[in-house]
Amino acid sequence: QLASWVNGTLINTVDDLEVTKVSINTREMDGAQLFIPIQGEQFDGHNFVDLAFSKGALISLFSKELDYSTFKSPLIIVNDTTEALGLLAKNYLAHIGCKVVAITGSNGKTSTKDIVSTLLETTYRVVKTQGNFNNEIGLPLTILGMPEDTEVAVLEMGMSSLGEIDRLNEIAPSDVSIITSIGKAHLIDLKTEENIVKAKLEITNHLKEDGILIYNGDHKLLKEQVSILNIPQEKVSYGHNPTNDFVISNVNQFIDSIVFYVERLFDQPIEASLIGQFQAQNVTAAILTVLRFNVEKDVILH
């Protein structure tokens, strides 16, 4: 099954092996039975495959470009180990069958992820991205660390170039895609604001048929590009600008909380135990998300 999930070839064994944990680092094996040697610009995990087996690995992936003839231990030969890591995560996620909330943005994605997770945990078994595990290595590792009974995965998707979010969204097709903001942080890599918007919108490339895009409509260029985005899924905007679908107003900061209104959402104020009026946007995105999962209004407001 593992070999088929990564489009690989199994060698050196005909036995059934049970794999419940994956590792890419021999210093952090901690009972992992599958080792995945990642090839980087300055390192190659293949140099540590023997060490991984000595630390308890039962099987390892291995690149077909390298010599594996001396190995007697079970291997799965693949075209590219990083690509195989993503394929393994994609197929495991499909095996679990859980829902996916995908979040990107120049600012606010981590706060939004945490708020979404906190609200969903009242009703579902949830796993969220830890730390900065939001790239082509970290995202698959997050997925592969999820228990099989996970009901919702809340996943950050980061990027530094065009095509990265597309690859991440392909690994984890989303039921809800969120774009929290468009900033200038990526101008060095992407050169123009138009390219930043284009890169962020890749989070809709693998949005499920019945999915929804929830985005911050206060950014003019993003709103313009979403309006001409030719996708059948629902698109919902939020923000302070009155042209948004859900308009945030009357934001007040108190000692340890913010209170604000969102037109068309609730007929009463929303209070959140957060510091910073900017958090009203993150809370609004989170509420719009969890309402898609039928989290009760009373749970959200309390």
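Which helices each supply at least two residues of the lining of the second largest pocket? The legends below refer to a predicted model.

**View 1. The second largest pocket and its lining.** α1 (2-5) and α3 (81-96) each supply at least two residues of this lining. The pocket has a volume of about 570 Å³. Its lining is made up of 22 residues, and Gln1, Leu2, Trp5, Leu17 and Val19 lie nearest the centre. By class, 13 lining residues are nonpolar, four are polar and five are charged.

**View 2. The largest pocket and its lining.** The space in this pocket is about 680 Å³. Around the largest pocket are 27 lining residues, of which Ser23, Ile24, Asn25, Glu28 and Leu141 lie nearest its centre. Two or more lining residues come from each of β2 (22-23), β7 and α5 (138-144). With three residues, α5 gives the most. The lining divides into 13 nonpolar, nine polar and five charged residues.

**View 3. The aromatic pair of tyrosine 124 and phenylalanine 293.** The structure holds three aromatic pairs. In this one the rings are edge-to-face, 6.0 Å centre to centre, with 75° between the planes. Tyrosine 124 lies in the loop between α4 (109-120) and β7 (126-128), and phenylalanine 293 in the loop between α10 (279-291) and α11 (297-301); the pair thus links distant parts of the chain, 169 residues apart. Tyrosine 124 is partly exposed, at 25% relative accessible area, whereas phenylalanine 293 is buried, at 8%.

**View 4. Other contacts of aromatic rings.** Phe62, Tyr68 and Phe71 make up one aromatic cluster. Elsewhere, the ring of phenylalanine 246 has the charged end of arginine 264 over it, 5.0 Å from the ring centre.

Key. Residues numbered from 1 in each chain as written. Predicted model: local features only at pLDDT ≥ 70, side-chain atom pairs only at ≥ 80, totals over all residues. Heavy atoms only, no water. Phe/Tyr/Trp six-rings, centres within 6.5 Å; stacked < 30°, edge-to-face > 60°. Helix = DSSP H or I, 4+ residues; strand = E, 2+ residues; numbered from the N terminus. Buried < 20%, exposed > 50% of the residue type's maximum accessible area, 1.4 Å probe, protein only. Lys NZ or Arg CZ within 6 Å of the ring centre and 35° of its normal. 1 Å grid on protein atoms, 1.4 Å probe; cavity = no way out; pocket = protein on both sides within 12 Å on 5 of 7 lines; lining within 4 Å. Points joined across faces, edges and corners; volume = space filled by probe spheres on them. Nonpolar A, V, L, I, M, F, W, Y, C, P; charged D, E, K, R; others polar.
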